[in-house]
Amino acid sequence: MSSFLSLPADVKIDVVFRALRLEVSIIDISAVHSSCHSVVMDNPVDMLLLKEKGNMVSVLRRALKHPELNVPHDLVSRPGSVEESAEALVLVAQNGRADLAMGLMNAPRHAHADCRDGEALVEAARGGYTEVVCLLLDASEHAALADSQHGMALVQAAGGGHVEIVHLLMDAQQHGQHAARANCYYGLALQLVAAGGHIDVVRLLLNAPQHAAEADCGGGWALVEAAQGGHIEIVLLLMDYPEHAAHANCTDGRALLEAARGGHFEVVGLLLGALQYATHGGCLNGEALVLAAAGGHTEVARLLLNALEHGQQAHADCQDGAALREAAARGHIEVVRLLLDAPERAAHADCQNGQALLGAARGGHIEVVRLLLNAEEHTAHADCQDGLALVVAAAGGHTEVVRLLLDEPKHAAHADCRDGEALVEAAAGGHIEVVRLLLDAPENAAHANCKDGGALGLAARGGHIEVVGMLLDTLLLRVSTSNLGSTGLRHVYNERLNHVDLLLAAPYCLLRVLSSWDVHRYADTLYTARPQ
């Protein structure tokens with residue numbers, strides 16, 4: 001060992017590499033690691049080799065994640081198994097390292113460019129690494145085949161919009177019978193480039209001299225993908241292509257649905273106005289209108305409602321008001337107004353027993369709530385579903401919505417509806433202004449001890465000390481003085497003792513609201529949170 005330690009640092013590391021690679025137990029690795037620590041720390045890749053026990057692939061995988069590391073070229077030329085070299089080639093192709101790929105292909109146990117059925121080519125094409133693709137295709141021996149894996153390299157290059165690589169893979173003169181086919185995988189490459197908006201690649205695939213992709217491949221999914229992305233030039237190209245043109249109504253109008261979902265006004269208009277195979281605006285029971293309403297795309301919704309040619313228009317009340325419910329829940333007031341004011345088959349503000357009102361109240365969309373409550377026909381009722389709108393508004397802490405529902409001239413919500421559920425929800429969330437509104441309602445006020453004290457218990461659990469104080473104050477003001485005595489009650493209330501004292505001074509009939517809670521633990525919580 002002493003003779004080894006006296007060797008120069010670079011010689012030490014080379015000996016370690018050989019020992020690890022050949023599994024020769026001629027040295028104590030731990031001793032080497034200790035003696036060479038300062039040397040290998042200056043070269044992180046060498047340190048990785050020591051840690052990974054000389055496994056080249058493991059070192060490459062970890063080193064390539066850090067571009068700042070300088071991976072030495074002699075690393076890939078070290079002896080290794082054929083399988084290890086193939087795995088390393090795929091790895092460096094995935095990272096676009098043409099220099100390391102060349103080193104692997106020229107190593108003693110060199111990797112073949114077509115190893116693993118061309119997996120390295122597929123990975124290089126996916127990443128758009130043109131230099132690596134050229135290297136693999138032009139290898140002197142065992143060159144990668146452009147159509148390996150049935151053309152998956154072309155699919156990956158097309159999906160990334162790598163036009164130059166698509167050209168390379170489809171070049172029949174350069175690669176002979178192994179040129180990739182534009183229509184491989186039933187036109188999947190065309191669908192991917194259409195989704196990405198790569199119109200140059202779309203033209204290339206459609207105009208291939210042999211095995212060209214068809215515009216309506218896969219039943220028209222390329223058109224659907226283009227419509228979803230709002231790529232109107234590609235939509236036009238696919239629909240107007242001289243051969244195998246895509247139909248606007250393909251896949252049961254899915255292209256229209258995706259265009260409406262994305263708010264692509266021009267694409268929607270193009271699909272509705274096609275001279276042949278035009279899409280019906282009300283297809284799939286008005287689903288396009290529902291999607292447009294959910295996204296707040298007012299002009300698209302208007303276009304669908306007004307598509308009068310051939311009776312194509314969607315109906316505002318389709319799917320029992322689904323479009324209105326979606327728009328209301330998301331606060332899209334212009335869409336809500338459009339649907340309520342439709343000249344024919346307008347949406348009903350009270351559809352599905354007030355579901356649109358519930359959605360708007362839950363989201364705190366005060367203007368939408370007001371619009372639904374004031375609709376000229378089929379007005380939504382503030383107390384619909386036994387006051388559920390009030391409950392969801394209270395749970396969200398939407399004070400103004402709660403006030404509006406309580407103050408509605410007709411069919412006002414009751415503050416104590418559902419046995420005080422609104423108060424319980426507001427107390428649990430610590431929404432003190434909502435709690436005050438519900439407790440102070442002039443009619444049908446909520447009871448502080450409703451739901452067997454659920455409001456008080458949940459407020460305590462959440463640490464909402466102000467809400468707890470307000471509930472206790474309300475309880476003490478309403479309790480009969482015969483249990484405590486007028487003098488004692490006045491003393492407790494007027495002295496404004498802390499909330500723990502208020503709780504402990506309350507008569508037993510008030511403590512029963514905490515029947516499901518540990519009174520002492522509850523008191524401790526209040527004591528910790530009380531105002532100082």
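Modeller: Gladly! A salt bridge here is a side-chain nitrogen of Lys or Arg within 4 Å of a carboxyl oxygen of Asp or Glu. By this rule the model has 15 salt bridges. The model is a predicted one, so local features need pLDDT of at least 70 and side-chain atom pairs count only at pLDDT 80 or more, while totals for chains, interfaces and linings use all residues. Residues are numbered from 1 along each chain as its sequence is written, and side-chain values use heavy atoms, with hydrogens and water left out.

Let me start with R116 and E83, whose side chains meet in a salt bridge with an N to O distance of 2.5 Å. R116 belongs to helix α9 and E83 to helix α7 (residues 82-94), so this pair ties together parts that are 33 residues apart in sequence. Helices, by the way, are DSSP runs of H or I with at least four residues, numbered from the N terminus. For accessibility, buried means under 20% relative accessible area, exposed means over 50%, and partly exposed lies in between, with a 1.4 Å probe and protein chains only. On that scale R116 is partly exposed at 35%, and E83 is partly exposed at 47%.

Helix α9 spans residues 115-127 and also holds D117. This residue has a positive phi of about 55 degrees although it is not a glycine. Most residues other than glycine have a negative phi. D117 has a relative accessibility of 49%, so it counts as partly exposed. H211 also has a positive phi, near 55 degrees, and is not a glycine either. H211, though, sits in the loop between α15 (199-206) and α16 (221-229), where it is partly exposed at 36%.

Two other pairs lie within single helices. In helix α27 (residues 399-407), E400 and R403 are 3 residues apart, about one turn of the helix. Their side chains form a salt bridge with N and O 3.4 Å apart.

An α-helix has 3.6 residues a turn, so residues three or four places apart point the same way. E299 is partly exposed at 44%, and R302 is partly exposed at 33%.

What about the buried residues of α21 (residues 298-305), which ones are they? They are T298, V300, A301, L304 and L305. These residues cover an arc of only 165 degrees around the axis, taken from the directions from the helix axis to the C-beta atoms, which puts them on the same side of α21. Among the elements that cover them are α18 (250-262), α19 (265-272), α20 (283-295) and α23 (333-340); the contacts behind this are heavy atoms within 4.5 Å.

A nonpolar core is a set of buried Ala, Val, Leu, Ile, Met, Phe, Trp, Tyr and Cys residues joined through side-chain atoms within 4.5 Å. The largest such core has 165 residues, and L304, L372 and L438 are those with the most contacts inside it. Helix α26 (residues 384-395) gives the largest share of this core, with 8 residues. Leaving aside residues up to four places away in sequence, L438 touches L390, V402, L406, A415, A422, L423, A426, A445 and A446. In soluble globular proteins, nonpolar side chains tend to be buried together.

Q191 is found in helix α14 (residues 184-196) and is buried, with a relative accessible area of 15%. Not counting residues up to four places away, Q191 touches Y186, C217, G218, W221, A222 and E225. I199, in helix α15, is also buried, at 15%. Beyond its neighbours within four places in sequence, I199 is in contact with E233, I234 and L237. The C-alpha atoms of I199 and I234 are separated by 6.1 Å, although the two residues are 35 apart along the chain.
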